[in-house]
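Open the model in your viewer and keep the sequence panel in view. The stops below say what to select next and what is there.

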Amino acid sequence: MNEERDAGRVNPFRKGLLTGGAAALVIAALAVAFHLGAGSRTTMIEAEPVAGGRGVVAVPENVEELREKAQQPVEDGYYETRMNVEWVFPGPGEPSSNAYVENSTNNKRTVYFDLVLADTNELVYSSPFIPVGAKLEKFQLDAEIPRGEYKGIVTYHLVDDDYQELTTVSVAVTLRVG
Amino acid sequence: MKKMRKQLTWIMALMLIFALNTSVFAAVGEDEGEDTVTGDGTTEYIDLEIYSVVLPTGKLLDFTLDPQGLLAIGLNEKATLDELKGGTIVPANGAVKAINNSAVDIALSIELTGTGEDVTFIEYGDDAETTIANVEADDGNNVLLYAAPSAVNIVSTETQYSAAGKGYIITDDPSTLQFVLKAAEYEIENNDGVYTADAIDNTGSGTAIQLGGYVNTKADWNDYVKELEPSEVGISVVFSYRKATDDESKDTGVTGIPGLLSSTDVPALTLTPPAPERGFINGESATNGGTLTVTKSSNLNYDIDFNFAEKTITDVRSNGSTLNATFYEINTTTNKLKIKGSWSSAGDKTITFKLDDDGDTTYTVLLRFV
């Protein structure tokens, strides 16, 4: 009877080994998943619309505000882009051999940019923050896109000191993959 | 052993599930490794494929629709119905500018698209008159939106815009205006063996566009001003640029619109500029007693137009002396005073003149040659 009970119990050492091994394997699995997830995606991410302006209808309740606003200087009205516009990626999933984006010293705001494919509006890359005077080169896309030539739209997001978005400006680029 | 294999199988299955289904996106600002942002900011050479172009952000692209003409009446003022000028669209912040500070000529395209699900963007009809009339053809939320390019080269965001007299129509299909913008002048500095190249201020070339248009006064626009989920109308703008081809750099362009390529294929309205306020107009303006800065040129006959609507200009003098008739011309049809001459070695000139109905009032502008 004791032998039957012993046969049903797991050896504590083996149990500990299994638990520890399982934990290690799960961590490794997450690490692999992070890498794979960062390099490819199974679902398309749609981006925010490109930069633009809003039409406001003048009514008695807002017309004075509109008139005053028209008299005030606009902060963050301009952004100096400094970049090349034909980005080459030697192969799907590989970093660009030439992409260059700089936040000109003539600017005042930190920026980040999103890159979407113009035809599908799929978001394929979102950059880190780029402070004034800094540059980003030869980055790898977040999404793996097949070989071919694509029209992309880079939308710069100007942010304030708390990294809150202020405004945007959009520039087209050409992507050559493979 | 059998139990251990079962457990291992579960673990391997979990690994497979994670690997296939987990998508992890690096949050903005947290990328590391390959996406390295470097803060040096210097270059050792001029890379002619790196373009520097100043562009307007979305903050400058807002516009106001004024179906009732409310913007024409200032606070505590009155206006007649005729003066209200209802049914217009005006920019919220004036013209927006795009300036090339690159070391090469660029071809700049500005792609403009009207947005708004419930809005009808009027397209060009048989002629300008019909097109404008179509705005009020029914009671729909009709909008005729256009972009009016600049009549002058814009070298900085401070350069004053002057309308060229054409409004290129914007609909919910993209309209693209194409410009060639000349290169800026560069200077290179050697700092301890590190070479930096920077554009010299105000040597670039640029353009500007100003939004305008017409809005249906018969439509119900209440849905666009309600607080909860208002209907929207707007414009999306995408800029693109590349090195200009030799042909583009030599393009003769569109008369009166610097840089606009002759191949631009967007229907346009001819705009009548509003009658100017009393002042001096030459793509820039100065008030009575002010200064106009004129770039010296090796070319002869730099023309400066002074435009006083509906007034007659008389007694034109330069530095106090009656100006020789050779050096000025008054067009009595447009009432423009044109000052002509060879300005290559000119010094400052004070131009004065009178307007016929102002009695002894003398208007003065200092022409400063730089």
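pLDDT is the predictor's confidence in each residue, on a scale from 0 to 100. This is a predicted model, so colour it by that score before anything else. Chain B averages a pLDDT of 77, and 65% of its residues score at least 70. Select residues 40–44 of chain B: the pLDDT there is below 50, and the stretch has 15 contacts in the model beyond near neighbours in sequence. Then select residues 297–302 of chain B, where the pLDDT is also below 50 and the contacts beyond near neighbours in sequence number 17. Where pLDDT is low, the predicted coordinates should not be read in detail. For the model as a whole, the scores are ipTM 0.75 and pTM 0.69.

**Chain A, overall**

Show chain A as a cartoon. It has three helices and nine strands, and from the N terminus the order is α-α-β-α-β-β-β-β-β-β-β-β. Of its 178 residues, 47% count as buried. The accessible surface of chain A comes to about 9300 Å², with 52% of it belonging to carbon and sulfur atoms.

**Helix α3 of chain A**

Select residues 63–71 of chain A, which form helix α3. Which of its residues are buried? They are V63(A), L66(A) and R67(A). These residues cover an arc of only 100 degrees around the axis, which puts them on the same side of α3(A).

R67(A) forms a salt bridge with E64(A), the closest N and O atoms being 3.0 Å apart. Both lie in α3 of chain A, three residues apart, about one turn of the helix. R67(A) counts as buried at 19% relative accessibility, while E64(A) counts as partly exposed at 26%.

**A salt-bridge network in chain A**

Select E75(A), D76(A) and R109(A), which are linked in a network of salt bridges. In the pair D76(A) and R109(A), the closest N and O atoms are 2.9 Å apart. D76(A) lies in the loop between α3 and β2 (78–83) of chain A and R109(A) in the loop between β4 (100–103) and β5 (110–117) of chain A, so the pair ties together parts that are 33 residues apart in sequence. D76(A) is buried, with a relative accessible area of 15%, and R109(A) counts as buried at 19%.

**A salt bridge in chain B**

Move to R242(B) and E248(B), whose side chains meet in a salt bridge (2.7 Å, N to O). R242(B) is partly exposed, with a relative accessible area of 36%, whereas E248(B) is buried at 15%. Over all chains, the structure holds 11 salt bridges.

**Strand β20 of chain B**

Select residues 313–318 of chain B, strand β20, together with β24 (residues 349–355) of chain B; the two pair in the antiparallel sense over four bridges. R317(B) stands opposite T352(B) in β24(B). The hairpin of β20(B) and β21(B) has two residues between the strands, and N319(B) takes a positive phi near 50 degrees.

**Two further loop residues**

Most residues other than glycine have a negative phi. Select K138(A), in the loop between β7 (135–137) and β8 (148–159) of chain A: its phi is positive, about 50 degrees. K138(A) is partly exposed, with a relative accessible area of 44%. Finish at E229(B), in the loop between β13 (205–215) and β14 (234–243) of chain B. E229(B) has a positive phi of about 45 degrees and is exposed, with a relative accessible area of 71%.

Definitions and conventions
Residues are numbered from 1 along each chain as its sequence is written. Chains are lettered from A and ligands numbered from 1 in the order in which they are written. This is a predicted model: local features need pLDDT of at least 70, side-chain atom pairs count only at pLDDT 80 or more; totals for chains, interfaces and linings use all residues. Side-chain values use heavy atoms; hydrogens and water are left out. Buried means under 20% relative accessible area, exposed over 50%, partly exposed in between (1.4 Å probe, protein chains only). Accessible areas come from the Shrake-Rupley method with a 1.4 Å probe; for residues, only the protein chains shown count as cover. The arc is that of the directions from the helix axis to the C-beta atoms. Two strands pair if DSSP finds at least two bridges between them. Contact means heavy atoms within 4.5 Å. A salt bridge is a side-chain nitrogen of Lys or Arg within 4 Å of a carboxyl oxygen of Asp or Glu.
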